[in-house]
Amino acid sequence: MVTAGVTDATKTKPRWRAVALVVLWAGVGVGALLLLAKSVQNSGEFSRLQPWILLLNLIGVIALLALLARKITQLVRDYRAHVPGSRLTARTVAIFGALVVAPLLIVYLFSLQFLNRGIDSWFHVEVKQGLNDALVLSRSALDLRVREYSRHTENLAHSLLDASAEDVAHRVYEERRATGALEMAVFGAHERVIAVSLENPLESLPSRPPADLLRQVGERRAYVSLEPQAGGEYLIRTAAPFTENPSRRDDRYLIAIYEVPTQLAALSEAVQHAYSQYGELAALREPLKSSFRLTLTLVLLLAMLAAIYGAIFSAQRLVRPVQDLIEGTRAVGKGDFGTRLPLPSRDEMGFLVHSFNDMTKRLRRAREEATRSQHVVERERERLAIILARLTTGVVVVDRELTVSIANQAAGAILGTDLSAATGRALPDLTAGNERLGQFVAALAVRFAAGRGEWREQLDLDSASGRCILMCACTPQPGADGEVGYVIVFDDITTLLQAQRDAAWGEVARRLAHEIKNPLTPIQLSAELMRRRFLASMPPQDAEVLERATRTIVQQVQTMQRMVNAFSEYARAPEMRITRFSLNQLAGEVADLYRPHDARVEIRLELDERIDGIEADRGRVRQILNNLVINALEALDGVANPRLEIKTRFEQGGDAKYAVVTVCDNGPGFQRELLSRVFDPYVTSKPKGTGLGLAIVKKIVEEHGGRVDADNRPEGGGRIRVVLPVTDSTRSGAGARDRRGELRREIV
Amino acid sequence: MLRAGQFIPRWVLSSLILAACAPVAYADALDGVLQVRSAYVSVEGGVFSLHARIDYPVNPVIRDALHDGVTLTVELDTRIERERRFWFNADVVELMLRRELDYHAVSDRYLVRDVRTGNQKSFATLEEALTDLGTVEDWPVLTEPQLAEGSYRISVRAGVRRGRLPASLRALMFWTDDWHRVSEWYTWLLPV
């Protein structure tokens with residue numbers, strides 16, 4: 001009876017049933033006692049109740065049998081079905097049953113034996129013989145008296161045959177007094193009283209002669225009888241006809257009643273009483289034994305059935321908590337910690353059940369705690385996943401064999417591969433076709449092979465797609481099963497370093513502009529002054545020298561001034577004038593401007609009509625396009641079939657819109673070692689280049705919140721891509737930077 | 001839910017109950033005629049007296065039992081009811097005349113004794129004794145003041161059983177005692 005708690009209904013039902021059974025049996029018991037009491041008091045009443053008593057007992061036996069059969073059927077069914085606790089119940093019932101039935105049977109058999117022998121002992125042969133002898137003795141003693149009185153009566157009757165009526169009366173009176181008879185009377189025909197003498201003076205009539213007496217004297221025969229009286233006395237009634245001769249017509253007869261002496265009568269009555277009692281008991285011997293046997297058997301049956309039923313009932317009650325415990329344990333095994341068992345009692349079993357309930361309570365709490373902790377961990381994991389996904393820093397967790405367990409999106413973006421499906425795979429298996437990832441994996445492998453668990457270094461990855469500088473930190477992470485994992489955190493600091501370099505160059509340029517530009521003018525003015533003042537007064541030969549020298553000074557100063565101006569241009573950060581204009585139109589204008597410059601170069605335009613206008617500083621964007629076109633045209637110098645392409649494309653990342661301008665040529669392309677630094681000032685592979693054109697492009701693009709990349713086309717030639725936000729709000733929005741990062745990854 | 005009837009067939013139950021009642025319904029020892037042969041009531045001086053003739057069974061078993069010392073108790077139940085049309089009859093009188101029949105071994109005579117009065121008569125033969133027992137004369141059963149309007153039904157039934165058993169023994173022996181029989185009721189309307 002175990003579920004998540006035991007219902008009150010299932011608990012109440014057996015209790016009511018038990019109470020009903022107890023009341024029923026108590027009623028039957030009280031009824032039986034009342035019947036017994038009544039039977040002892042009133043045997044007549046009892047005889048009427050006999051069938052009911054028998055029926056009641058039979059009903060009791062049948063009811064017990066039915067209950068027992070039901071219990072045993074249920075027990076066998078449970079045993080076969082391997083119901084928990086059924087074997088223990090069966091064993092307990094067997095033990096209880098044996099313990100109860102064996103003594104009952106012993107007592108039963110002993111009682112039967114005792115009763116048989118006890119009843120038999122009442123009827124010894126000697127007793128019977130003694131009684132018979134006593135009876136014969138009593139009869140003999142009485143017979144003497146009877147014969148004596150009978151003979152005396154006969155003699156008296158014969159002697160009165162010829163006597164006169166007065167003599168008869170006198171003789172009767174005298175004889176009665178002489179013999180001590182109670183009554184003496186002479187009757188004639190038709191029971192006519194002729195003479196009578198009574199001992200009791202109050203009585204006047206003799207007692208009525210019995211029929212058999214009259215019949216016998218009518219046949220002229222003497223009569224005698226010994227008649228027991230109610231008080232234990234004996235009367236001897238004798239009668240004799242006056243004559244036995246039937247030929248004589250004399251119907252008179254004498255009746256005399258004598259009393260047996262008191263002592264003899266008492267002794268005879270005692271013998272009679274004993275004989276009668278013994279006879280009655282002897283007649284009852286077998287029925288009595290059968291009754292005892294039947295009664296005992298019925299009692300045994302009732303007791304045995306009740307005992308076995310009680311054994312089953314008790315065993316089931318005893319085993320019930322164990323069954324509950326088994327079911328409860330199974331429920332707990334299935335994860336149902338809400339199981340509560342009913343407390344059976346306050347004994348050890350109750351303590352056990354209490355402990356079980358306490359245990360399930362603690363387990364439930366522990367599971368709730370574990371669930372809560374799991375939820376917390378899952379929330380933390382989700383939060384970490386979100387953080388990892390939002391991080392621009394790459395995070396990769398690998399084991400000693402470089403098998404990936406965690407990798408965020410930024411890691412894939414930095415390493416130029418998609419690591420979203422890399423979980424469970426080894427990093428070296430993902431390096432095919434990705435030179436940057438291969439270098440990264442090789443760097444990790446070298447450090448792990450050297451046994452270095454925790455380190456922080458800058459990794460310089462140089463691939464065809466460009467140079468990439470990673471600040472990489474590795475931390476060992478102990479795993480749950482003793483395996484050591486590594487958390488590798490890395491960030492692409494290429495841009496940062498570039499920005500630092502840019503800032504440094506800007507400072508250099510500003511100082512150069514400030515420190516160099518100032519003395520140049522006095523130098524030039526001094527040279528021109530020297531020329532004007534001394535050239536005319538000097539001899540021609542010296543004048544020529546002076547003139548050549550001053551000219552050289554002025555030219556070089558002017559050259560230096562241009563250089564300083566360029567530096568100044570690079571360093572200064574004028575205020576931008578943002579307007580909305582057509583980028584495609586501007587690209588067309590720039591192309592038209594440079595077409596006449598070199599007719600050999602084919603300038604192609606491929607413009608995306610979706611870009612109707614961008615918000616930017618038009619002059620500076622024109623400078624970007626000018627510098628890029630100039631850079632490309634210089635690269636096409638000496639190239640057969642030079643071709644220059646200017647493309648615009650509209651891109652959208654989330655809410656942000658971008659215009660991408662790509663300028664590519666079919667020239668020699670960028671030198672690989674310079675590829676990562678093409679936007680640095682004074683980095684150029686051209687003999688006539690200042691090295692500031694692309695640096696200025698980069699500076700202007702970044703001022704617009706854009707980005708510029710350079711690489712080589714697979715079919716040959718350089719390619720520079722400029723990404724500019726279409727709207728000014730995109731440029732200033734914080735979120736836009738992230739979206740620009742996404743866009744950057746898409747573009748790359 | 002299983003019921004008792006599923007375990008014990010009805011015929012078995014019926015047989016058991018019949019077997020329980022068998023000793024009451026039939027008795028081997030008292031085999032023979034037991035009946036109220038005739039009965040009538042005479043009224044004299046406002047007293048209703050019952051007169052009846054009853055046949056009691058006679059057989060060697062009874063004779064032997066008497067000779068062994070067994071006492072037979074002979075009872076005559078008399079019941080007078082007032083008839084009611086729409087309900088059970090009302091009991092007016094219920095009387096029992098109880099007498100005992102013994103064999104007196106010392107005197108070789110049969111004794112008939114009235115249990116209530118203690119009067120005793122002796123007979124030389126069993127037949128004479130039974131004849132005396134089967135003759136009821138002038139047994140006052142009712143007086144006129146006990147009667148009201150309506151009709152009355154008087155019933156007489158004779159019974160024989162082995163008597164003088166101690167009550168405790170009788171309690172034990174009730175189901176093996178086949179010395180108990182009663183006659184059918186002899187019923188007639190009381191002449192009021």
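Q: Which residues does Ser568(A) touch, not counting residues up to four places away in sequence?
A: In this predicted model, Ser568(A) touches Ala509(A) and Ala513(A). Ser568(A) itself belongs to helix H13 of chain A, which covers residues 540–571. Ala513(A) is 55 residues away along the chain, yet the C-alpha atoms of the pair are separated by 5.5 Å.

Q: Is Ser568(A) buried, exposed or partly exposed?
A: The idea is to count C-beta atoms around the residue: 20 or more within 10 Å make it buried, and 12 or fewer make it exposed. For Ser568(A) the count is 16, so this residue is partly exposed.

Q: Where do nonpolar side chains tend to be in soluble globular proteins?
A: In such proteins they tend to be buried together. Here the largest nonpolar core has 72 residues. Those with the most contacts inside this core are Ile236(A), Ala239(A), Tyr253(A), Leu254(A), Ala256(A) and, from the other chain letter, Leu101(B).

Q: Which residues is Ile236(A) in contact with, leaving aside its neighbours within four places in sequence?
A: The contacts of Ile236(A) are Arg145(A), Val146(A), Tyr149(A), Val224(A), Leu226(A), Tyr258(A) and Val260(A).

Q: At what angle do helices H3 and H8 of chain A pack?
A: The angle between two helices is read from their axes, taken in the N-to-C direction. Helix H3 (residues 86–122) and helix H8 (residues 285–333), both of chain A, pack at about 165°, and their axes are 9 Å apart. Angles over 145 degrees count as roughly antiparallel, which means that H3(A) is roughly antiparallel to H8(A). The crossing of H3(A) past H8(A) is right-handed.

Q: Which classes of residue make up the contact of H3(A) with H8(A)?
A: The contact has 24 nonpolar, 7 polar and 3 charged residues.

Q: How many helices and strands does chain B have?
A: Chain B has 5 helices and 10 strands. The chain has 192 residues, and 32% of them count as buried. Of the contacts in chain B between residues at least 6 apart in sequence, 63% join residues at least 24 apart.

Notes:
Residues are numbered from 1 along each chain as its sequence is written. Chains are lettered from A and ligands numbered from 1 in the order in which they are written. This is a predicted model: local features need pLDDT of at least 70, side-chain atom pairs count only at pLDDT 80 or more; totals for chains, interfaces and linings use all residues. Axes are lines fitted to C-alpha atoms, for helices over the stretch in contact, and angles run from 0 to 180 degrees between N-to-C directions. Helices (H or I, at least four residues) and strands (E, at least two) are DSSP runs, numbered from the N terminus. Angles under 35 degrees count as roughly parallel, over 145 as roughly antiparallel, 65 to 115 as roughly perpendicular and the rest as oblique. A crossing is left-handed if the near helix is turned anticlockwise from the far one by less than a right angle, and right-handed if clockwise. Ala, Val, Leu, Ile, Met, Phe, Trp, Tyr, Cys and Pro count as nonpolar, Asp, Glu, Lys and Arg as charged, and the others, Gly among them, as polar. A nonpolar core is a set of buried Ala, Val, Leu, Ile, Met, Phe, Trp, Tyr and Cys residues joined through C-beta atoms within 7 Å. Two residues are in contact if their C-beta atoms, placed from the backbone, lie within 7 Å.
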